[in-house]
Amino acid sequence: MKLGGFILKTDGHPTALRAVKTYLQFSRHKFFPLVKLSANMVTLRKKIHKFAGLSMKQYQELLQHILDNGIRHEDRTGVGTISTFGYQTRFDLRDGFPIVTTKRVPFRWVAEELFWFLSGDTSERNLRARGVDIWKEWADKEHTSRFGREEGDLGPIYGFLWRSFGGDYPIRNGFDQIKDLINQIENNPNSRRLIVSGWNPETANQVDLPPCHTLFQFKVENEKTLHLQLYQRSADAFLGVPFNISSYALLTHLIAHVCGLKVGEFIHTFGDLHIYLNHLEQVKTLLERTPKQLPELEIVHAENLKGLDGLLRLEYENLNLIGYKSHKKIAAPVAV
């Protein structure tokens, strides 16, 4: 790429090239700040990567895509949506931790929910004991009694499917996909089968809310870098997607840490991507805001936490989200 008479090498790094182009847009085509162009471009790369983490415009673009291309749909909740089918976003985790900045996202809730999934737990009461009540609408007696379960028992959802796929719920006698995933990454990193499925057709109708984030696949690049792609069958763009983005970015960091790898990209692929009709004003407010610079994530006091055992021993206190600044919270009703 030519820049101010120089040929700028981005080392094939897609985010670096995007960052330069975006920088020029933001700077209204002013000349790129002069830097010392060393042989390995370290100085320039640092400046580019710092700018690449300046904002999270992918989420703004996702919402605008739905507004521009979506079609009115009825849905099971009775609220109605503007819906599109098929969309993809990419986040390079080396450029900052992807968390929405145009409204406040409670990172501790994201982390506690993910640790709850990884533990195999499906009790909403146990999650609420961690101070997180985002599953409460599906855990009351009205909802759980439909399936003959006690209040708070959510049934074979993510935790059970990840840790005991095909098991006889609530007995955990099925296949432990997370254990197998880590074993495969450690012993067969070139595998193209590093997949965890959250969709079991036999049990999907035995829960009030079957898994929306349905399947994820890891790729180990040159035995050094860990990438993750998620397929999400159904996505509430305003309330759910910000959680999903940060949750799977965090999962990539956790798995990379316990397997001795570096993080790469998180690719988020959607099926039915929608905005509920009673979220349109909130979306408008969010799109009027300017994204802020992304934070960085550090995993601390966890040098010896490796493998499956290490993964299950990680907790919120091992996470340090550095520099997260956001606009104020935007409240919106949950469609149940």
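1. Aspartate 92 sits in strand 4 (residues 81–92); strands (E, at least two residues) and helices (H or I, at least four) are DSSP runs numbered from the N terminus. Aspartate 92 is buried, at 7% relative accessible area (buried is under 20%, with a 1.4 Å probe and protein chains only). Its side chain makes a polar contact of 2.8 Å with that of arginine 94 (N or O atoms within 3.5 Å, one able to donate a hydrogen and the other to accept it).

2. This is a predicted model: local features need pLDDT of at least 70, side-chain atom pairs need 80 or more, and totals for chains, interfaces and linings use all residues. Numbering runs from 1 along each chain as its sequence is written, and side-chain values use heavy atoms, without hydrogens or water.

3. The largest nonpolar core holds 78 residues (buried Ala, Val, Leu, Ile, Met, Phe, Trp, Tyr and Cys joined through side-chain atoms within 4.5 Å). Leu62, Trp135, Trp162 and Ile255 have the most contacts inside it. Helix 9 (residues 240–258) gives the most to this core, 11 residues.

4. Tryptophan 162 touches, among others, Leu114, Phe117, Phe175, Val196, Phe216 and Tyr248 (heavy atoms within 4.5 Å). Residues up to four places away in sequence are not counted.

5. Lining residues have an atom within 4 Å of a point. There are 44 of them, and Trp138, Asp236, Leu239, Gly240 and Val334 are closest to the centre. By class, 20 are nonpolar, 10 polar and 14 charged.

Notes
Buried means under 20% relative accessible area, exposed over 50%, partly exposed in between (1.4 Å probe, protein chains only). On a 1 Å grid over the protein atoms alone, a cavity is a set of points where a 1.4 Å probe fits but cannot get out, and a pocket is an open set with protein on both sides within 12 Å along at least five of seven lines; lining residues have an atom within 4 Å of a point. Ala, Val, Leu, Ile, Met, Phe, Trp, Tyr, Cys and Pro count as nonpolar, Asp, Glu, Lys and Arg as charged, and the others, Gly among them, as polar.
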